[in-house]
Amino acid sequence: MNILDVIEKKKNKKQLSSAEIQFFIDGYVNDTIKDYQASALLMAIRINGLDFEETLNLTKSMLYSGEVIDLHSVEGYKVDKHSTGGIGDKVTLIVAPIVAALGVKVAKLSGRGLGITGGTLDKLEAIDGVSIDLTEQQFIDQVNTIGFAIAGQTQNLVPADKKLYALRDVTGTVDSLPLIASSIMSKKLASGADGMVIDVKYGSGAFCKTMEVAQELAEIMIKIAEGFDKSIVTVLSSMNNPLGRTVGNKNEVKEAYDLLLDPDHADENLLNTIVEVSTYMYEVASKNSHEHSKQAVLDVLHSNLPVEKFEAMIHAQRLSNEQVDINLTFEAKNNIDIPATEAGYVKAIDAETIGHISLELGAGRHTKEDVLDFNAGVELLKVKGDYVEVGDIMMKIYSDSAIDPSFVDKAQNAVEYSSSPVEKLDAKVVLKS
Ligand code: URA
């Protein structure tokens, strides 16, 4: 087989066979197919698409390009959760201990931040003395004993995706639904869970800019999961505003821990997302009705069990035998208050802009090598639906580095006001297999 023929075929809008897809993945992983050839094929796919059969075959070839985690030695139902990426998305840190407190195992392999979207691994590492590097055995043991673990992917989990994603990132080929679906699903399937809940974000801070596109992506992922006989629920949720009150790393972990300590005072949209995602994770695993599952989540959330689970995870994933201080209060060297420029109801605080500000403050990376400022970030004192007067503090921005004064304008321009009341809660759409 010749890669040029495969590229020509897709360029001419023909269906690729499973053998041709396998040939591409094998060749790219073992370097016999070069970056420029893979780039040409990815662009042909980006422009001409893949039908469902091709997408399923691509997912299979990627999934088996490396090791697949065997969770058989973990007792009970294993449920996984994934978010397609957002601004202020600390959901994993909160739902994993909640669901584990309900007796369901959560074996979660997470990622680092990508561009303006944060990553759970970076957030966890913001807690001094915590490790995300677990061996497969440590990971399995921890899921068995505590009920959940959050760790980085091993080098050999879906190596095809590692290479392809890095190439897509620099060749304008990230925004292809079949490529996104196969990338996400190959990693989820390789992680070995029995069922999964995928939070598909749409809006200004997500790569799916509209709910329609998010729905199309969700439908492809549902069909892939069905092809592998796995249960899946997709929750489509808005990322037009940041999720919760914080965007950064240490501040997001603090918000997550605070929600577990005192859910009644949490940000409403964040709490709503937490309850929704936890409920579906529990429902997929327990097969109980939605109402029963939701009540179980609300009950456990108001007990101390999820806090104990969270603390047990921090203790288990500590780097040394020293106790980790989970007191997450911190103060960055520099901070600026951002006042409201108009009176009225907050209609939106643009997630994409806040993501960029947080990245520039040091909470995200421009290159893989960048070192994060864990103290940097944005804190929203007002959110969608709140009424403000001119001069009220809308948000705070902070960083250990000097803050460019232009961020004040940028942050103020992120806020849209309305003279009439604005609905606080974002609605969610759920699609299931
Ligand atoms: N997240 C992934 O894991 N893959 C993509 O292609 C896009 C988002």
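Ala, Val, Leu, Ile, Met, Phe, Trp, Tyr, Cys and Pro count as nonpolar, Asp, Glu, Lys and Arg as charged, and the others, Gly among them, as polar. By these classes, the shell around the ligand divides into five nonpolar, three polar and no charged residues. The structure is a predicted model. This briefing considers the ligand, a pair of helices and a pair of strands.

**Surroundings of the ligand**

- The residues that surround the ligand are Thr-84, Gly-85, Tyr-165, Val-174, Leu-179, Ile-180, Ser-183 and Ile-184.
- With four residues, helix α9 (residues 177-190) gives the most to this shell.

**Helices α2 and α8**

- Two packed helices are described by the angle between their axes and the distance between the axes.
- For helix α2 (residues 18-29) and helix α8 (residues 159-169), the angle is about 80 degrees and the axes are 9 Å apart.
- Angles of 65 to 115 degrees count as roughly perpendicular, and α2 and α8 are therefore roughly perpendicular to each other.
- On the α2 side, Ile-25, Tyr-28 and Val-29 meet Pro-159, Ala-160, Lys-163 and Leu-164 of α8.
- This contact of α2 with α8 has six nonpolar residues, one charged residue and no polar residues.

**Strands β1 and β2**

- Strand β1 (residues 78-83) and β2 run parallel and are joined by two bridges.
- Lys-78 stands opposite Lys-105 in β2.
- Strand β2 (residues 105-110) is mostly covered, as six of its six residues are buried.
- In a regular strand the side chains alternate between the two faces of the sheet.
- In β2 both faces are covered: one side holds the buried residues Lys-105, Ala-107 and Leu-109, and the other holds Val-106, Lys-108 and Ser-110, also buried.

Key
Residues numbered from 1 in each chain as written. Predicted model: local features only at pLDDT ≥ 70, side-chain atom pairs only at ≥ 80, totals over all residues. Axes fitted to C-alpha atoms, helices over the stretch in contact; angles between N-to-C directions. Parallel < 35°, antiparallel > 145°, perpendicular 65-115°, else oblique. Contact = placed C-beta atoms within 7 Å. Near = placed C-beta within 6 Å. Buried ≥ 20, exposed ≤ 12 C-beta atoms within 10 Å, placed from the backbone. Pairing = 2+ DSSP bridges.
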